[in-house]
Amino acid sequence: MKFFILGSLLVAAVAASLEQDAFQAFKLKHNKTYKTPVEETTRYGIFQAKLLEIEEHNSRFEQGLETYKKGVNKFSDWTHDEFKAYLGLHPKPAKLGKGIPYVKTGVSVPASVDWRTEGYVTGVKNQGDCGSCWAFSLTGSVEGALFKSTGKLVSLSEQQLVDCTYGTVNFGCDGGYLEETFPYIQETGLEAEASYPYKARDGTCKFDASKVVTKINDYVYWYGDEEALLEATATIGPISVAMDANYIDSYASGVFSSRLCSSDDLNHGVLVVGYGSENGVNYWLVKNSWAADWGESGYLKLLRGQNECGIAEDDSYPIV
């Protein structure tokens, strides 16, 4: 019994040491600093719990019981409530009476599409500590539409949308809308990222009409039709979509699905840039705005065919 107790204590000590090493590596990689020792202890406790959750989930993945893997990332010392508060898309208000309703044509679509390989998609961006996901989804769809129209891929300004629609349409780093912002882009246009760079904070509007890269002529929208999303993704290009992102914080790879995901709680704006199948599981290829060190080099593969996380509930694309 004595040796069993000593052995158990040794195993526990080694495990604690490995967790502490993992936490130190996590802090270094993600430039984490804490104001007080008490805060660091709290964050370490959150990290430990998240690490255990990741290990248990990945064990189920190895047994073929899950279709995606989890991993440590910049959110691994956040509580679930903190992560939920970070998600910046506001629920869509009543219908605007603007835009063009999407009409399906019944066209045959290929088995897979990836608009990145066709030049429609800029590199993965990073919204930082600002709830501006909606702006990144919108610029991504306009970037794709501009490329389709002109053959030129230009990174467009999210900061312009954050600053210049604040208080009239959106709420800057405290969130915003997708479809409801297209009329601003239609009327005003967008500058390039190079002339109006991203700051990850609310600021005063510095829009310069002489530097506009593009406006849009109109936009197309639909609600609650995943077949429409499939057809539009296959034939149009990248699509601005809303989703419930409450449970993707630790996503690392594979095809994400969760019974906890809602089709009503749409809290994150992203960009569908394609679709395909992996190990017999159909997925949407989704560009996120949490930098390339999250997920699959900044991308999420989301289960396709079941309106997972409400991916088909609030979709739109611009016409350039």
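Predicted model: local features only at pLDDT ≥ 70, side-chain atom pairs only at ≥ 80, totals over all residues.

Trainee: Which loop holds N31, and is N31 buried or exposed?

Mentor: N31 also has a positive phi, about 55°, without being a glycine. Its place is the loop between α1 (2-29) and α2. With a relative accessible area of 66%, N31 is exposed.

Trainee: Now the whole chain, please. How many helices and strands does the protein chain have?

Mentor: The protein chain has seven helices and twelve strands. The radius of gyration is 21 Å, close to the 20 Å that the globule rule gives for 320 residues, so the chain is as compact as a globular protein of that length. To return to your count, that is seven helices and twelve strands.

Trainee: How many Å separate the centres of domain 1 and domain 2?

Mentor: The domain assignment gives domain 1 as residues 1-66 and domain 2 as residues 88-319. Taken over C-alpha atoms, their centres are separated by 35 Å.

Trainee: What are the helix and strand percentages of residues 23-83?

Mentor: UniProt, in an unreviewed entry, lists these residues as "domain: Cathepsin propeptide inhibitor". The end C-alpha atoms of the span lie 19 Å apart. Its make-up is 61% helix and 5% strand.

Trainee: And what are those percentages over residues 109-319?

Mentor: The unreviewed UniProt entry lists this span as "domain: Peptidase C1A papain C-terminal". Its end C-alpha atoms are 21 Å apart. Here the chain is 20% helix and 24% strand.

Trainee: Which residues does F47 contact, leaving aside neighbours within four places in sequence?

Mentor: F47 belongs to helix α2 (residues 37-62). At 1% relative accessibility, F47 counts as buried. The contacts of F47 are E19, A22, F23, F26, V72 and S76.

Trainee: Why is helix α7 described as largely enclosed by the rest of the structure?

Mentor: Look at what covers the buried residues of α7: it includes β3 (113-114), β6 (218-222), β7 (239-243), β9 (268-278), β10 (281-287) and β12 (315-319). The buried ones are E226, A228, L229, L230, E231, A232, T233 and A234. Helix α7 is largely enclosed because eight of its ten residues are buried.

Trainee: At the start of α7, which backbone nitrogen does a side-chain oxygen of D225 approach?

Mentor: Zoom in on D225 and follow its side chain. One of its oxygens reaches to within 3.1 Å of a backbone nitrogen, and that nitrogen belongs to E227.

Trainee: Which residues does T165 touch, not counting those up to four places away in sequence?

Mentor: T165 lies in the loop between α5 (158-164) and α6 (182-188). Its relative accessibility is 0%, so T165 counts as buried. The residues it touches are W134, Q160, N170, T181 and Y184.

Trainee: Last one: how far apart in space are S263 and I311, C-alpha to C-alpha?

Mentor: S263 is in the loop between β8 (251-256) and β9, and at 30% relative accessibility it counts as partly exposed. S263 touches N307, C309, G310 and E313, not counting residues up to four places away in sequence. S263 and I311 are 48 residues apart in sequence, and their distance in space is 7.4 Å.

Terms used: Residues numbered from 1 in each chain as written. Heavy atoms only, no water. Buried < 20%, exposed > 50% of the residue type's maximum accessible area, 1.4 Å probe, protein only. Helix = DSSP H or I, 4+ residues; strand = E, 2+ residues; numbered from the N terminus. Contact = heavy atoms within 4.5 Å. Polar contact = N/O pair within 3.5 Å; in protein donor to acceptor, adjacent residues only side chain to side chain. Domains from an automatic or database assignment. UniProt positions renumbered as here; feature names shortened; annotations may be inferred. Rg over C-alpha atoms; globule rule 2.2 N^0.38 Å.
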